Amino acid sequence: MPRPMARRIDVTGSGGVRLAAWEFADPPKGEAGESATDSTAVLLLHGLMGRASHWADTARWIAGRRRAVALDQRGHGHSEKPVAGGYGQQEYVADAAAAVEQLGLGPVAVVGHAMGALTAWQLAAERPDLVRAVVISDMRACALGERSQREWEEWYDSWPVPFATLADVRKWFGEDDPRLERPRASRGEFYAEVMTESADGWRPVFSRGHMVESREAWVHDAHWDELARVRCPALVVRGVDSDLGRAEAQEMVRVLPRGRYAEVPDAGHLVHYDQPETWRSAVEEFLASALPA
């Protein structure tokens, strides 16, 4: 997948951490050629091990009507990777708030995937003045527990790094990974986007230790109380083949004061990569109904 052209905007996050935000299209224009200011902007938050460029296609179609900005969260992409820690959810939420405030986006709609979805609904719960709507893509509210964390670390350690080529990255994550129930080329593309070339081959752009610390910050806790505090419209989206089951997703919708539900057939955890058109339809319908034009 060719790397998308984008405009970088620097943001100062919690504790002075340098963050990279990206606009993948020019902001929409008003009738007189001025930037539109009456439409709610959209902030896009990737999940654990993701990066802002994963949102490039989503950001471009959103930008036809609204300003769309994707954030490389701390430890990911081109943002700073603090060595001494600071990968708790409180830091991720504070970083998202800083991006909204410094870029003049608020009150904003936040679209989050996985860990980014958790950050989105925590931001909405803690700073309702900054958030007008939330899209929660494939993130569980239940506590996953120590077994989940251990299995995740074992899976990470099974990666055959360094990969000789990006084609090897795509093949392993899209076909050969033992965790896959069936091949998914979209999964291979997703992980190819988070690799960087080094002297001995292709390796992740992030640190294993930082990812473990980030996941430890939320995997042991349930997050139902925070969902209940989200007062703005919220859409819960799940892939039919993902680990977020229908019963849990629908319970999340019930707990959310203004929750809605959508599911995407033939999609796993990476909903926006597996079925981009169906994902787009669900999100566009929600934004059109939940936000002012």
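How much space lies in the largest pocket? The answer is about 1100 Å³. This is a predicted model, where local features need pLDDT of at least 70 and side-chain atom pairs count only at pLDDT 80 or more, while totals for chains, interfaces and linings use all residues. Residues are numbered from 1 along each chain as its sequence is written, and side-chain values use heavy atoms, with hydrogens and water left out.

As for how such space gets found, rolling a probe the size of a water molecule over the atoms shows where empty space is left. On a 1 Å grid over the protein atoms alone, a pocket is an open set of points where a 1.4 Å probe fits, with protein on both sides within 12 Å along at least five of seven lines. Grid points are joined across faces, edges and corners, and the volume is the space filled by probe spheres set on the points. The largest pocket is lined by 37 residues (those with an atom within 4 Å of a point). Closest to its centre are Asp138, Arg179, Ser242, Asp243 and His269. By class, the lining splits into 17 nonpolar, seven polar and 13 charged residues. Here Ala, Val, Leu, Ile, Met, Phe, Trp, Tyr, Cys and Pro count as nonpolar, Asp, Glu, Lys and Arg as charged, and the others, Gly among them, as polar. Two or more lining residues come from each of α4, α6 (185–192) and α7, and α4 gives the most, with four. These element names refer to DSSP runs numbered from the N terminus: helices (H or I, at least four residues) and strands (E, at least two).

Now for the helix pairs. The axes of α4 (residues 145–157) and α7 (residues 208–219) come within 10 Å and cross at roughly 160 degrees, so the two helices are roughly antiparallel (over 145 degrees). Axes are lines fitted to C-alpha atoms, for helices over the stretch in contact, and angles run from 0 to 180 degrees between N-to-C directions. The crossing of α4 and α7 is right-handed, with the near helix turned clockwise from the far one by less than a right angle. On the α4 side, the contact (heavy atoms within 4.5 Å) includes Trp152 and Tyr156, while Met211 and Val212 are among the residues from α7. Five nonpolar, three polar and five charged residues make up this contact.

The axes of α2 (residues 89–102) and α3 (residues 115–126) come within 9 Å and cross at roughly 70 degrees. That is why α2 and α3 count as roughly perpendicular (65 to 115 degrees). Among the residues that meet are Tyr92 and Val93 in α2 and Leu118 and Leu123 in α3. This contact has seven nonpolar, three polar and one charged residues.

Most residues other than glycine have a negative phi, and most peptide bonds are trans. Methionine 49, in the loop between β3 (42–45) and α1 (56–62), has a positive phi of about 75 degrees. The bond from glycine 106 to proline 107 is cis, with omega near -10 degrees, and proline 107 sits in the loop between α2 and β5 (108–113). Another cis bond joins valine 161 and proline 162, with omega about 0 degrees; proline 162 is in the loop between α4 and α5 (166–176).

Definitions and conventions
Angles under 35 degrees count as roughly parallel, over 145 as roughly antiparallel, 65 to 115 as roughly perpendicular and the rest as oblique.
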